[in-house]
Amino acid sequence: MYKLAPSILAADFANLGNQIKKVEAAGAEYLHIDVMDGAFVPSISFGIPIIQSIRPLTKLVFDVHLMIEEPIRYLEDFAKAGADIITVHAEACKHLNRTVARIKELGLKAGVSLNPSTSLSTLDYILEDLDMVLLMSVNPGFGGQKFLPFTFDKIRSLRGILDNKNLSVDIEVDGGISSNNVAAVVKAGANVIVAGTAVFGGDIEGNIKGFKEIFKL
Ligand code: DX5
Ligand code: ZN
């Protein structure tokens with residue numbers, strides 16, 4: 001029921017193919033793919049050609065997190081490259097409803113992400129249309145940052161809202177998650193867990209198995 005989404009932002013790009021195969025063999029469900037444009041967030045990561053080249057290597061669900069301004073401009077390209085889920089930032093879309101509708105027209109699952117300080121009320125009129133909400137637990141832009149503790153309240157509130165409305169929307173949490181805090185993140189109500197450094201730092205298979213053991217508790 002819980003899904004692990006290792007973020008390739010923390011991978012060794014010279015060995016990306018091998019590392020993705022390890023992630024799949026160890027039993028992760030999603031591959032979290034962080035696309036950064038140097039405008040919405042300070043850094044630039046990678047884009048469509050990388051996604052295209054890794055697509056044939058794995059059956060993992062491609063969970064594409066777009067940290068780019070006006071992502072509506074590129075949705076079709078990401079769909080063609082092999083995305084399964086596309087998540088856009090509410091803060092980066094002038095027309096969030098149209099952007100989400102476009103993702104669904106392309107036959108993909110749609111997620112909306114909120115920065116740490118963006119209120120859950122931003123989702124009031126769109127929640128019913130979503131497959132996933134991605135709550136950022138760090139300010140987006142870099143891997144290896146510290147989990148912001150007020151995220152726990154936000155996860156609990158969102159879980160409450162979804163339960164009240166009887167909606168089965170996934171809650172994904174991203175940033176600063178490790179084996180030390182993942183149990184609390186899940187307990188608060190998240191069911192999709194992103195981890196970059198905590199998966200790709202050191203023994204990838206061992207790290208993933210560690211997360212999966214905690215999920216069983
Ligand atoms: C941050 C990215 C995250 C990042 C997480 O902007 O969206 O997905 O890769 O990395 P860790 O798990 O190292 O905080
Ligand atoms: Zn991410």
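Reader: Hey, quick one to start: is G196 buried or exposed?
Author: G196 counts as buried, because it has 24 C-beta neighbours inside 10 Å and the cut-off for buried is 20 or more. Keep in mind that this is a predicted model.

Reader: OK, and where is G196 in the chain?
Author: G196 sits in the loop between β8 (192–195) and α7 (197–200).

Reader: Which residues does G196 touch?
Author: Leaving out residues up to four places away in sequence, G196 touches S7, L9, A10 and G143. Two of those names come up again in UniProt: an unreviewed entry has a "binding site" annotation that covers G196 along with others, including S7 and G143.

Reader: What other residues does UniProt list for "binding site"?
Author: The unreviewed entry also lists H32, D34, H65 and D174 under "binding site". They are spread over 143 residues of sequence but cluster in space, with a largest C-alpha distance of 10.5 Å.

Reader: Let's take H32 then. Which strand is it in, and what does it touch?
Author: H32 lies in strand β2. Not counting residues up to four places away in sequence, H32 touches A5, P6, S7, D63, H65 and V194. H32 is buried, because 30 other C-beta atoms lie within 10 Å.

Reader: And H65, where is that one?
Author: H65 is in strand β3 (residues 61–67). H65 is buried too, with 27 other C-beta atoms within 10 Å. Its contacts, again without residues up to four places away in sequence, include H32, D34 and D174, and those three are listed by UniProt under "binding site" as well.

Reader: Switching topic: how many residues are in the largest nonpolar core?
Author: The largest nonpolar core has 61 residues. Among those with the most contacts inside it are L31, V133 and I193. Strand β2 (residues 30–36) gives the most to this core, with five residues.

Reader: Why would nonpolar side chains end up together?
Author: In soluble globular proteins, nonpolar side chains tend to be buried together.

Reader: What is V133 in contact with?
Author: Setting aside neighbours within four places in sequence, V133 is in contact with G111, V112, L123, L158, V169 and I171. L158 from that list is one of the buried residues of α5.

Reader: What covers the buried residues of α5?
Author: The cover includes β6 (132–136), β7 (170–174) and α6 (182–188).

Reader: What span should α5 have, and what does the model give?
Author: At 1.5 Å a residue, the 15 residues of α5 (residues 151–165) should span 21 Å, and the end C-alpha atoms are 21 Å apart, which agrees. After α5 comes N166, whose phi is positive, near 60 degrees.

Reader: Last thing, the whole chain. How many helices and strands?
Author: The chain has eight helices and eight strands. Its radius of gyration is 16 Å, close to the 17 Å that the globule rule gives for 217 residues, so the chain is as compact as a globular protein of that length. Of those 217 residues, 40% count as buried.

Note on methods
Residues numbered from 1 in each chain as written. Chains lettered and ligands numbered in written order. Predicted model: local features only at pLDDT ≥ 70, side-chain atom pairs only at ≥ 80, totals over all residues. Core = buried A, V, L, I, M, F, W, Y, C linked by C-beta atoms within 7 Å. Buried ≥ 20, exposed ≤ 12 C-beta atoms within 10 Å, placed from the backbone. Helix = DSSP H or I, 4+ residues; strand = E, 2+ residues; numbered from the N terminus. Contact = placed C-beta atoms within 7 Å. UniProt positions renumbered as here; feature names shortened; annotations may be inferred. Expected span 1.5 Å × (residues − 1). Rg over C-alpha atoms; globule rule 2.2 N^0.38 Å.
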